[in-house]
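Work through the exercises below with the sequence and the model at hand. Each task is followed by a solution in steps.

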Amino acid sequence: MKKTVVLMASPRLQSNTDILANRVMDGIRSAGSEEDIIDKTDLVELQEFVCCACGQCRAAGECLQFPEVTEILEKIEEADNLVLATPTWWLGPSSYLKIFMDHWGAFLRPDYTSRIAGKRAAVVSCCGNAEINLADQVCSQLSELLSFLKVDVVGTLGVKGVAEIGAVSRDRSALEKAFQLGVALNSK
Ligand SMILES: Cc1cc2nc3c(=O)[nH]c(=O)nc-3n(C[C@H](O)[C@H](O)[C@H](O)COP(=O)(O)O)c2cc1C
């Protein structure tokens, strides 16, 4: 039995990010067993919990300010797999993912070793620009951060040219790649 935590970071209803995240989840299910657990969190729900830099999380291994944040951090620590799904916002992830990631100090021990080493991850992003794939760059940034935390990034998917809500649902190639990413994530 494997556990996967999916963090979805778009505020739009029926967003491209959510569509891609759901396809990754379909792939995870197809490669797994019935007992597998997939826990998806809409990070918009955590938007008010902004890090105040109290600096206590590294020693505590949790966020001492916001139990709602600690709840998700603990789910990640207990999981085998992590999926980050975010729109590209100004060459970075959305504010919603950034607000949550600022609490990842809790994943670092005081000696800077990682509490989430050895987990597997997949990263997806999408962007409106059809010429320059900034979503790929966002995936690279996030992969670098995960690698710093000793998480094994199994694959990434950056989809360009999807500005309108739901546009990615017409991009069969992107949907298939998202599905295969989920398969790869849950195959080991
Ligand atoms: C605040 C903001 C910043 C954005 N920055 C970029 C950008 O730098 N490059 C780009 O190609 N698209 C940018 N976009 C467009 C989104 O990446 C694009 O519409 C994407 O499909 C949104 O995903 P969603 O449907 O999951 O919300 C931006 C959108 C917003 C709202």
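**Exercise 1. Loop residues**

In which loop is the place of Ala53? Classify Ala53 as buried or exposed, and do the corresponding work for Tyr112 and Leu64.

Solution. The model is predicted.

Step 1. Ala53 sits in the loop between strand E2 (37-42) and H2. Its phi is near 60 degrees, a positive value in a residue other than glycine.

Step 2. Ala53 has 9 C-beta neighbours inside 10 Å, so Ala53 counts as exposed.

Step 3. Tyr112 belongs to the loop between helix H4 (95-101) and E5. Phi of Tyr112 is near 70 degrees, again positive in a residue other than glycine. With 8 other C-beta atoms within 10 Å, Tyr112 is exposed.

Step 4. Leu64 lies in the loop between helix H2 (57-60) and helix H3 (67-78). Because 14 other C-beta atoms lie within 10 Å, Leu64 is partly exposed. Leaving aside neighbours within four places in sequence, the contacts of Leu64 are Cys54, Gln56 and Cys57. Leu64 and Cys54 are 10 residues apart along the chain, and their C-alpha atoms are separated by 8.8 Å.

**Exercise 2. Helix H3**

Solution. 

Step 1. An α-helix has 3.6 residues a turn, so residues three or four places apart point the same way.

**Exercise 3. Helix H5**

Which residues of H5 are buried, and which strands do they pack against?

Solution. 

Step 1. Helix H5 (residues 134-148) has 15 residues and reaches 21 Å from first to last C-alpha, close to the 21 Å expected.

Step 2. The buried residues are Leu134, Ala135, Val138, Cys139, Leu142 and Leu146. Seen down the axis of H5, they fall within an arc of 150 degrees, so they line one face of the helix.

Step 3. These buried residues pack against E3, strand E4 (92-93), strand E5 (120-126) and strand E6 (152-159). The face of H5 turned away from the buried side carries the exposed residues Glu144 and Ser147.

Step 4. Lys150 follows H5 and has a positive phi, near 65 degrees.

**Exercise 4. Core and ligand shell**

Which members of the largest nonpolar core touch the most other members, and how many residues surround the ligand?

Solution. 

Step 1. The largest nonpolar core has 55 residues, of which Leu7, Leu20, Val24, Ala85 and Val124 touch the most other members.

Step 2. Not counting residues up to four places away in sequence, Val124 touches Leu20, Ala21, Val24, Ala85, Leu157, Ala178 and Leu181.

Step 3. The ligand is surrounded by 18 residues, the closest being Ser15, Thr17, Pro87, Cys127 and Asn129. Helix H1 (16-31) and strand E3 (81-89) are the elements that give two or more residues to this shell. E3 contributes the largest share, three residues.

Step 4. By class, the shell holds 10 nonpolar, seven polar and one charged residues.

Terms used:
Residues are numbered from 1 along each chain as its sequence is written. This is a predicted model: local features need pLDDT of at least 70, side-chain atom pairs count only at pLDDT 80 or more; totals for chains, interfaces and linings use all residues. A residue is near a molecule or strand if its C-beta atom, placed from the backbone, lies within 6 Å of it. Helices (H or I, at least four residues) and strands (E, at least two) are DSSP runs, numbered from the N terminus. Ala, Val, Leu, Ile, Met, Phe, Trp, Tyr, Cys and Pro count as nonpolar, Asp, Glu, Lys and Arg as charged, and the others, Gly among them, as polar. The expected span of a helix is 1.5 Å times one less than its number of residues. A residue is buried if 20 or more other C-beta atoms lie within 10 Å of its own, exposed if 12 or fewer, and partly exposed in between; C-beta atoms are placed from the backbone. The arc is that of the directions from the helix axis to the C-beta atoms. Two residues are in contact if their C-beta atoms, placed from the backbone, lie within 7 Å. A nonpolar core is a set of buried Ala, Val, Leu, Ile, Met, Phe, Trp, Tyr and Cys residues joined through C-beta atoms within 7 Å.
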